[in-house]
Protein chains: 2
Amino acid sequence: MIQTKLIPRTAEAIEPPMLIKNLLAQSLKYEPHREIIYRDLFRMNYVEFNRRVRQLANVLTERGIGPGDTVAVFDWDSHRYLECFFGVTSLGAVLHTVNVRLSSAQILYTMNHAQDKAVLIHEDFLPILNAVRGQLTTVDEFILLSDKVYTGEEPAIPAGFAGEYEHLLKSASDVYAFPDFDEDTWATTFYTTGTTGNPKGVYFSHRQLFMHTMGLMTYLCGYQAVPFSSVQDVYMPITPMFHVHAWGFPFLATMLSTKQIYPGRYEPEMLLKLLMKEGVTISHCVPTILNMLVNSPVAKQVDLSRWKVIIGGSALTKGLAKAALDLGIQVYQGYGMSETAPVMSITHLNDLERQLPIDQQVDLRTRAGRIAPFIEMRLMDDNGNFVPHDGHSIGEVVARGPWLTQGYYEDPERGSELWKGGWLHTGDVASLTPDNWLQIADRTKDVIKTGGEWVSSLDIEDLLSQVEGVAEAAVVGFPDERWGERPHALIVQKPDAGLTVAGIKASLQAKIDQGHLNKWYLPDQIVFVPEIPKTSVGKIDKKRIRSEMKTLILG
Amino acid sequence: MIQTKLIPRTAEAIEPPMLIKNLLAQSLKYEPHREIIYRDLFRMNYVEFNRRVRQLANVLTERGIGPGDTVAVFDWDSHRYLECFFGVTSLGAVLHTVNVRLSSAQILYTMNHAQDKAVLIHEDFLPILNAVRGQLTTVDEFILLSDKVYTGEEPAIPAGFAGEYEHLLKSASDVYAFPDFDEDTWATTFYTTGTTGNPKGVYFSHRQLFMHTMGLMTYLCGYQAVPFSSVQDVYMPITPMFHVHAWGFPFLATMLSTKQIYPGRYEPEMLLKLLMKEGVTISHCVPTILNMLVNSPVAKQVDLSRWKVIIGGSALTKGLAKAALDLGIQVYQGYGMSETAPVMSITHLNDLERQLPIDQQVDLRTRAGRIAPFIEMRLMDDNGNFVPHDGHSIGEVVARGPWLTQGYYEDPERGSELWKGGWLHTGDVASLTPDNWLQIADRTKDVIKTGGEWVSSLDIEDLLSQVEGVAEAAVVGFPDERWGERPHALIVQKPDAGLTVAGIKASLQAKIDQGHLNKWYLPDQIVFVPEIPKTSVGKIDKKRIRSEMKTLILG
């Protein structure tokens, strides 16, 4: 960084740090009468919400939780979780949003690694806790979260627990002056799992979450990429709050005192009921959830035309995009990852693109979006050189921006790998158009490097799936002496399709001859298999395929 | 500030500073086809604007202007000025926006005090420069700004000038990589005058102007206080760009690649022409300009119902607010000062207030607005104690926030006074409602302190002006042994009104008896005068009145 002249400061002058409490403070300024709603169980306005956040801070402070301590939360999406987003962080403590989908062993690892001091846990997750409780090395406070209190039942308090959340809040003072502190203070942490090694802890500061909120607002409210207005919109997350703070939307929605709906555990009937009853207009979710809702028999009987949905987690297919658009749902797509807090791109049709016919809009809406405000994104090849943003060249997505994790907690080696050369490496391979549309091509580890070119295994799979009689295809790169790597394909035939390797190759060759694709896309080997190996979450298991391929090809 | 745990950082990891160049970068991302227009002389899109900003940076760099140097600009509101807002600051230099309304002597003082190294000056202001040029101690570069180049004329280049702006830009490279530097880097400076002493230099960092933009966006785009959408809105400033960066709106409008119109010198015909032709929807100005436009014969022939105007500088009267609303103009009011970058409050009718009848809306719209996002505002009495926000208690407005000047340049004494006790003192006396509506009552120096109560001289003037036969009234505080101070009034009668002191007092006493006002509002002395002393800019000269009053009363 170059040397410049800094502003002089008067001793008495104050320039406040950017803290999460400053986002919270806005929620009381103009529209404190708007509501935050939890399922069909509980509703309150922002005055009460702020009071409860201060009560939570008192409950924690009284139990010895202070600045620098870590508080783990296990909960479905709830108003309580939202209170933790603000209360835990604003007292200077660190919020550990526990990924309840990890295995007990992984959860145990993350809790000890993060040095959790207190745990707030919904009774649905007690079995997970009970399985590991004896091996926790740092926790000394437990608080129960229960929905029973809203229906008049008394939840059973497990041994060693301080009590139940609502009861503790009720007996706590609602006076708490959140202090000022360094804006680089650690605010949140959570863990991400790769194919190898222990879960990695990412972390974000107050400043980073403040800036993420500003970036999101610039995109949604300023540019109206996904038009968001605190006056007209009603927000309901359908991506778990433990998953990268529900994409940071709760921070923005709370700052703007938007009406917010927290749906608890995701159950289709409850989601649709809340959508209708509370007039939800904006959500985000994975394709699976959207697919489930779109195909629900109720979906056709209700008006979903005010609903905007941002899809993330995995790619939005054209089929699903069209099905949703046909129901009047406005679908968008976002891209990001745990390491990026998460938003790096969201669909944004500009003035000109909004006038395109719906088919061309679908094409744009199924891309990974356009680079978000304040995010600098590039494509990089294996040698660390930048690849042009020409809409077809591909390279690894690398980024800089004000809200990217600055490493992995106590894992400097993988942190340095993530930030190699001063750019955060996403591990995703993509193309970028000159006007900033991002198209994800592959995961870095699955891209096939052949003769100096990068070929997307997903693109070849897409081509093969279009061949008549192909039920499913998987493509992996396989070492090749001359070209470095060459594509090899596994194919599952439809019953009685009677496909041959020669037939499939001929069909691809025809496309090559017509100039539709480059010759290096043609797989060297095509093997018919009864089924494609999948991971536990249903993704194609390319690691296993590569290893099995070795046996298949080399014997 | 309390001690907390900061996020750890990987050596290679980068978290970029918040710089003005980051605002500029967004303007190319999504809507670069939108236009920036200068009068009826010049138009360009954001691609060209960005190119010109880089060319300007090259012109300055080639002429030896670098980080830490100060560049003074004398211009009407123009695209060139906007280019300086971004180009001068982004190369690390300081932009001095010269207040062309100061006297030559004051301008000379500010230029030497700010250590201006280069001057960009519109030919209209050459007489000012020529008057002081020989006494400038630090300037060694002059660049001419001229509108003639857009009409094909060749402007005359004064001796010692490097050339004319457009010509210099044309021959400069459009490649310039704006560097990263500390976000506390000094970005802009300008001078404010008081009743005594030399002009005071305020200054703002990149971070402060970035945060001001975020605050403005939160209010305008997020809360839709004054609904602003880069898709539908067209922005034209009618407050000079040398006056607190045209309230910071050009930074927001540019970041959002809004269509922007720069009107040059303010001429009613040109303003109305641009308003209509370019479809301007949002502006800000002082009441005088709005009054002029509202009363222009053209105003009744055109549709102004899409036009939103934020009034600042002095108070919006109910009469003017109604006249504007009757024409369909949506009027709002803002409050701030040079020291506060400037926005501290803007009108914001919330969900509930929007449903009020128009008369009650006028009442709200003529207040000074509601406290802006991220601004913390309090009322303080003479002893440094906070005054309640109850809608009627008054105290001096003090504030903290992310964009307040951290002092006066090379004037530590007045800087400490400004920031006494860690709060920026505005010198304005006001009341605040519990829901954050600000009502300015008086200037601190004019408020009357009587028997421990603060009484607004403006309130008494308002009461007196409502007495039948009163043409004008001025009220000042006058020392009183028992009460500290007591109000004294000067009154100008309407011709043949035949008012008496006793009659006026009786009329006020009736209001007191009805409980409409407190008895301490009753002036001790009422003196009839043929005219009220005024300052050169037409404000009531209370300083002179106080001194004349001494003669009148004490003999």
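**View 1. Surroundings of Thr366(B) in the predicted model.** Thr366(B) is in contact (heavy atoms within 4.5 Å) with Leu316(B), Thr317(B), Lys318(B), Ala321(B), Gln333(B) and Gln439(B), leaving aside neighbours within four places in sequence. The residue sits in the loop between α13 (358–365) and β16 (370–371) of chain B. Helices (H or I, at least four residues) and strands (E, at least two) are DSSP runs, numbered from the N terminus. Thr366(B) counts as buried because its relative accessibility is 13%. Buried means under 20% relative accessible area, exposed over 50%, and partly exposed in between (1.4 Å probe, protein chains only). A polar atom of the Thr366(B) side chain lies 2.9 Å from the backbone oxygen of Val362(B). This is a predicted model: local features need pLDDT of at least 70, side-chain atom pairs count only at pLDDT 80 or more, and totals for chains, interfaces and linings use all residues. Residues are numbered from 1 along each chain as its sequence is written, chains are lettered from A and ligands numbered from 1 in the order in which they are written, and side-chain values use heavy atoms, with hydrogens and water left out.

**View 2. Surroundings of Glu278(B).** Glu278(B) belongs to the loop between α10 (268–277) and β12 (282–285) of chain B. Its relative accessible area is 5%, so Glu278(B) is buried. Apart from neighbours within four places in sequence, Glu278(B) is in contact with Ile37(B), Arg43(B), Val234(B), Lys259(B) and Ile261(B).

View 3. Leu252(A) lies in helix α9 (residues 249–255) of chain A. With a relative accessible area of 1%, Leu252(A) is buried. Not counting residues up to four places away in sequence, Leu252(A) touches Thr213(A), Leu216(A), Met217(A), Leu220(A) and Phe228(A). Met214(A) is 38 residues from Leu252(A) in sequence, and their C-alpha atoms are 8.0 Å apart. Ser229(A) is placed in the loop between α7 and β10 (234–235) of chain A. Ser229(A) is buried too, at a relative accessible area of 7%. Its C-alpha is separated by 9.8 Å from that of Met217(A), 12 residues apart along the chain.

View 4. Most residues other than glycine have a negative phi, and most peptide bonds are trans. In chain A, a cis peptide bond joins Ala341(A) and Pro342(A), with omega about -5°. Pro342(A) is in the loop between β14 (330–336) and β15 (343–346) of chain A. In chain B, a cis bond joins Ala341(B) and Pro342(B), with omega about -5°. Pro342(B) lies in the loop between β14 (330–336) and β15 (343–346) of chain B. Ser257(A) has a positive phi, near 45°. Its place is the loop between α9 and β11 (259–262) of chain A. Ser257(A) is buried, at 0% relative accessibility. Phe374(B) also has a positive phi, near 70°. This residue is found in the loop between β16 and β17 (376–380) of chain B. At a relative accessible area of 9%, Phe374(B) is buried.

**View 5. The interface of chain A and chain B.** The contact takes 85 residues from chain A and 85 residues from chain B. The area buried between the chains is about 7,300 Å², of which carbon and sulfur atoms give 58%. Buried area is the accessible area (1.4 Å probe) that two parts lose on being put together, summed over both. In chain A, Lys5(A), Tyr30(A) and Tyr223(A) lose the most area to chain B, together 11% of what that side buries.

View 6. Glu15(B) forms a salt bridge with Arg207(A), the closest N and O atoms being 3.2 Å apart. On the side of chain A that touches chain B, α1 (20–26), β9 (200–205), α7 (206–222), β16 (370–371) and α14 (412–418) each supply at least two residues. The largest share, 10 residues, comes from α7(A).

**View 7. The axis between the copies.** A rotation of 180° with 0.0 Å of shift along its axis superposes chain A on chain B (RMSD 0.2 Å). That is the relation of a two-fold axis. Copies are superposed by least squares on the C-alpha atoms of residues with pLDDT of at least 70 in both. In chain A, the C-alpha nearest the axis is that of Cys221(A), 2.6 Å from it. The same surface serves both copies, as 100% of the contact residues of chain A recur in chain B.

Methods. Salt bridge = Lys/Arg side-chain N within 4 Å of Asp/Glu carboxyl O. Polar contact = N/O pair within 3.5 Å; in protein donor to acceptor, adjacent residues only side chain to side chain.
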